[in-house]
Amino acid sequence: MKILLDGMGGDYAPEEIVKGAIRAASEISETIVIIGPEESIHEQLKANRWRGENIEVIDAAEVITNDEHPAMAVRKKKDSTIVKGMNMLKKGEADIFISGGSTGALLAGGLLTLGRIKGIKRPAIAAWFPRAGKEGVTLLLDCGASVEAKPEYIYQYGIMGSIFVKGITG
């Protein structure tokens, strides 16, 4: 499995992203690819004394911020971490892309690059939440993905969530 990380997606990037990648890479055998400004990421790997072999770096000179119009930024910033990550997913060069970056840009990038599932009109952001007083987790859908939720979208979210949970948990 190849895991892509947006090296500039989130607070205190790339420092904290690299620290998280190092922690994960020390516990798993899968390859972690950090996408971002190559020199800065290599500096952080060196500063944190990373000596393992399962972290790779892919250079991306541009970053899409929360202040930009998401779809416009995805179309214009071809050398951004989000666009590069989405393109790698589309080409089958990775299995997952993780980003704490612009939610709007992630949605726009997913729609413009990866497309939609036939019959689904709106994507839904999903997050796992622990259950209070119970074992296991709950999948929360539409975590900020849309301001307006029409009944047909909520129905589609339910279908997607059900398929996803069955696929993950059996």
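A crossing of two helices is left-handed if the near helix is turned anticlockwise from the far one by less than a right angle, and right-handed if clockwise. The model on screen is predicted, with local features needing pLDDT of at least 70 and side-chain atom pairs counting only at pLDDT 80 or more, while totals for chains, interfaces and linings use all residues. Residues are numbered from 1 along each chain as its sequence is written, and side-chain values use heavy atoms, with hydrogens and water left out.

Select helix 1 (residues 15-25) together with helix 2 (residues 38-47), whose axes come within 9 Å and cross at roughly 55°; helices here are DSSP runs of H or I with at least four residues, strands are runs of E with at least two, and both are numbered from the N terminus. Axes are lines fitted to C-alpha atoms, for helices over the stretch in contact, and angles run from 0 to 180 degrees between N-to-C directions. The crossing of helix 1 past helix 2 is right-handed.

Next, show the side chains of E15, V18 and I22 in helix 1, which meet I41, Q44 and L45 in helix 2.

Then move to the largest nonpolar core, which has 16 residues, and select L4, I35, I64, V74, I82, F97 and A105, the members that touch the most others. Such a core is a set of buried Ala, Val, Leu, Ile, Met, Phe, Trp, Tyr and Cys residues joined through side-chain atoms within 4.5 Å, where buried means under 20% relative accessible area (1.4 Å probe, protein chains only). Helix 4 gives this core its largest share, 4 residues.

Apart from this core lies another, of 14 residues, including I3, I17, V18 and I22.

Definitions and conventions: Buried < 20%, exposed > 50% of the residue type's maximum accessible area, 1.4 Å probe, protein only. Contact = heavy atoms within 4.5 Å.
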